[in-house]
Amino acid sequence: MMISGAFNTLIYEPLYNALVFLIDVVPGGDAGIAIIILTVVVKALMFPLARRATQTQLALKKITPRMEELKQQYKDNQQEQVKQLFALYKEHKVNPLSGIFILIIQLPIIIGLYQVFIKGDLPTIHPETLYAFVPAPETIDMLFFFDLVDMSGRNIVLALLAGATQFAIAHMTFEAPTATTKPGESLKDDIMRNLHIQTKYVLPVVIAGFAYFFSAAVALHWTVGNIFTLVQDYFVRRRFYAKE
């Protein structure tokens with residue numbers, strides 16, 4: 001209960017108030033535009049963390065061949081293997097755990113955003129959740145994009161876009177595993193194959209399904225967030241490789 005209360009106070013309520021505030025100031029009270037603005041602002045604020053995570057991923061990818069060589073060289077001496085790997089990380093200034101820490105930091109905000117669009121129950125406004133300085137909008141327009149999309153209903157096009165953009169992220173982030181064994185010969189390689197398949201092909205389908213099941217608001221948020229991530233990763237990767 002204490003964790004839930006802290007989450008609502010620190011994450012959910014600020015995001016909900018930000019959305020209501022944006023709806024109030026956006027001309028016509030367009031909920032779709034407000035969702036886009038809120039998504040972009042939050043992603044921009046998290047950009048330094050996301051950039052660091054991408055840089056760590058790219059740095060680890062760069063030294064992977066050397067890591068595999070060390071594992072083979074010291075496969076009979078686990079203590080020395082660990083020592084050499086940590087020396088390699090230090091040499092290239094890579095912290096393999098930083099990506100996990102960054103994800104943990106971002107996760108509450110990501111969950112909070114989805115709860116805003118799922119529990120927010122637009123166009124209904126919950127005044128008990130609003131801050132004193134955030135007025136309830138007089139008008140909330142739930143029709144978006146030339147009135148073709150109802151933000152409170154389901155939309156198959158936005159759901160498919162959410163899945164497609166998630167596939168594009170997976171394609172950019174995960175490369176096919178370079179396993180030298182056949183399926184069933186190596187547990188590690190089998191796990192990598194399954195992770196690759198599930199991340200690249202299964203996850204986008206699951207996300208498209210969730211985006212359609214919940215509402216067009218969730219689908220729009222997911223799509224805009226994915227597009228931001230794609231653009232962000234493109235420039236981070238381009239700058240990373242330009243320094244080599």
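Is Y234 buried, partly exposed or exposed? Y234 counts as partly exposed, at 44% relative accessibility; buried denotes under 20% relative accessible area, exposed over 50%, and partly exposed in between, with a 1.4 Å probe and protein chains only.

Please note that this is a predicted model, in which local features need pLDDT of at least 70 and side-chain atom pairs count only at pLDDT 80 or more, while totals for chains, interfaces and linings use all residues. Residues are numbered from 1 along each chain as its sequence is written, and side-chain values use heavy atoms, leaving out hydrogens and water.

I turn to the nonpolar cores, meaning sets of buried Ala, Val, Leu, Ile, Met, Phe, Trp, Tyr and Cys residues joined through side-chain atoms within 4.5 Å. The largest has 40 residues, of which L19, F117 and M151 touch the most other members. Among the helices (DSSP runs of H or I, at least four residues, numbered from the N terminus), α1 gives the most to this core, with nine residues. Setting aside residues up to four places away in sequence, L19 touches A34, I35, L38, V116, F117 and L122, contact being heavy atoms within 4.5 Å. A second, separate core of seven residues includes M67, L70, Y74 and Y89.

Finally, the aromatic rings. Rings of Phe, Tyr and Trp (its six-membered ring) pair if their centres lie within 6.5 Å; planes under 30 degrees apart are stacked, over 60 edge-to-face, and the rest tilted. The count comes to ten aromatic pairs. F86 and Y89 pair edge-to-face, 6.0 Å centre to centre with 85° between the planes. Y89 is buried at 12% relative accessibility, whereas F86 is exposed at 55%.

Methods
Helices (H or I, at least four residues) and strands (E, at least two) are DSSP runs, numbered from the N terminus.
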